[in-house]
Amino acid sequence: MKYISTRTKNFQPLNSADVILKGIADDGGLFVPETIPKVTLDEIKSLVDKNYVGRAVPILEKFLTDYTEDELFESCELAYDWFDVSSKVPLTILIQDEQHKNSPVGVMELWHGNTSAFKDLALQLLPQLMTRALKKVGETKEILILVATSGDTGKAALAGFADVPQTKIMVFYPAEGVSKIQKLQMVTQAGKNVNVTAVKGNFDDCQNGVKKIFADENIRAELEKSNVKLSSANSINWGRLVPQICYYFATYAEFVKSESIKLGDTVNVAVPTGNFGNILAAYYAKRMGLPIKKLICASNINHILTDFFNTGFYDRNREFYKTITPSMDILISSNLERLLYHETGGDTERVKSFMQELNSTGKYKINSSFKNKLDKIFYADYATEDETLKIIRNIFDTFKYLVDTHTAVALSVVGKYRKNTGDMLPVIVASTASPFKFTSSVLSALGENVEGIDDLEQLDKLSLFTDKAIPKNLAALGTAKILHENICTKDEMAECVLKFAAGIKG
Ligand SMILES: *Cc1c(COP(=O)(O)O)cnc(C)c1O
């Protein structure tokens, strides 16, 4: 399997190891597979009696053909070793009542990894794929991963890259812009190759600083002297997308194993969406042959994607809201570019012009025949803040099952979908974070007063209230040692990077 760019016709195809190391194509486009591989029902059947890694590897093998099966097994075993349940991605099946037993809701819990959110599935595997890619291409330099974070991605990347050979990782976060728990998660990160630095400024300052460093030839030349090469772990890297495709297959197999559905039965899939990465992975699974009817794209009140799918008009010129689902507070869904590529039949000129328009005017429009095409695949809707809180309470009261705010958005939109269309097929809902990750919203949803209660105390309160254990990574935060106290201004970021690359402390 070779990879090409979404923006250039006759692009010189690359191997997966190359695209995982490069992250983004030289023309500014995203890497896509030349063809979408197929999976037969027999192959899906063979996944049913396997464990998570056994289900993931055959899917990875279809895309990462320059890796051996052994390499992929070893990578997955190392990546998912820490996960706090042996099934790695458990499926919780909710059935309203006897009358609805043919309409189960399968909640795919993607949050049993090191940071209690779904990004762990990809960010634990990416470093393993990267180090093996370095060997394949004969790269001897160290890779320095630079991350600007508004909270969650930083910790997930740190946990994934800590002590991974031939890599270093450096994370910049806004000094006053992350929650107490997010900050503790990052500044307590152990590892010989990690650096965590607070920036006096907001998230945009961090992100602009990192972008500037990536674009600066002089810094790159300086880094070469320390035998270091820059790379990124952001969500447009193919190495982050491909691990996500696996869990749709694994969960379908689990659904069959549970006897809630039969092999070959068609299901819907609902995903709480931000950057369009997670739902794009479901799109690839569908194209590969997983029996999915509709992809249900769920948004919060920043519902730019709902509007796009319902009108064909993508327009980021709108008010931006900070919500109780911060990981979905996004107005540029970067991975949408890959969908445009595949659904235009690989029309790179058209994709390029959409992206140029988006860049210069903040908007673009697709024509009605293109929109009709997408209508057959996607259903899009959003949940208000109030609806999100209500559904958390509702699900808890009905099933004694607790979901986080992001998962609640998806569940709310599934309700709307079923009501509006009458389609009651079984549905797989991507549950993207542990409820303990968004404790104060979840407690409020349950009618608990959180005013004046410290973030760490809230964890205890939620645990008592729900009789569920705090995830071990979060439970450890209260006593973990602070290891990183670096702070800099946005103008000092480049200097910090050079010092860290050269092995100078501070
Ligand atoms: C990142 C994230 C999302 C959005 O996922 P995308 O792949 O960006 O669409 C949803 N929920 C949680 C908890 C997340 O961390």
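**Ligand shell and helix contacts**

In this predicted model, an oxygen atom of the ligand sits 3.4 Å from an N or O atom in the side chain of Ser-327. Taken on its own the ligand exposes 390 Å², and the protein buries 96% of that area. Altogether 13 residues surround the ligand, and the closest are Lys-119, Gly-274, Asn-275, Asn-278 and Thr-432. Sorted by class, this shell holds eight polar, four nonpolar and one charged residues.

From the ligand we can turn to the helices. Two packed helices are described by the angle between their axes and the distance between the axes. For helix α7 (residues 180–187) and helix α19 (residues 455–466), the axes come within 9 Å and cross at roughly 105°. Because angles of 65 to 115 degrees count as roughly perpendicular, α7 is roughly perpendicular to α19. On the α7 side the meeting residues are Lys-180, Ile-181 and Leu-184, and on the α19 side they are Asp-455, Leu-456 and Leu-459. By class, the contact of α7 with α19 has four nonpolar, no polar and two charged residues.

A second pair of helices can be read in the same way. The axes of helix α13 (residues 336–343) and helix α15 (residues 368–375) come within 11 Å and cross at roughly 105°, which means that α13 is roughly perpendicular to α15. Here Leu-339, Leu-340 and Glu-343 of α13 make the contact with Phe-370, Lys-373 and Leu-374 of α15. The residues of this contact between α13 and α15 divide into four nonpolar, no polar and two charged. An α-helix has 3.6 residues a turn, so residues three or four places apart point the same way.

At its start, a side-chain oxygen of Asp-216 reaches to within 2.8 Å of the backbone nitrogen of Asn-218, while just after α9 the residue Asn-227 takes a positive phi of about 65°.

Key: Residues numbered from 1 in each chain as written. Predicted model: local features only at pLDDT ≥ 70, side-chain atom pairs only at ≥ 80, totals over all residues. Heavy atoms only, no water. Near = heavy atom within 4 Å. Polar contact = N/O pair within 3.5 Å; in protein donor to acceptor, adjacent residues only side chain to side chain. Areas by Shrake-Rupley, 256 points an atom, 1.4 Å probe, with all protein chains shown as cover. Nonpolar A, V, L, I, M, F, W, Y, C, P; charged D, E, K, R; others polar. Axes fitted to C-alpha atoms, helices over the stretch in contact; angles between N-to-C directions. Helix = DSSP H or I, 4+ residues; strand = E, 2+ residues; numbered from the N terminus. Parallel < 35°, antiparallel > 145°, perpendicular 65-115°, else oblique. Contact = heavy atoms within 4.5 Å.
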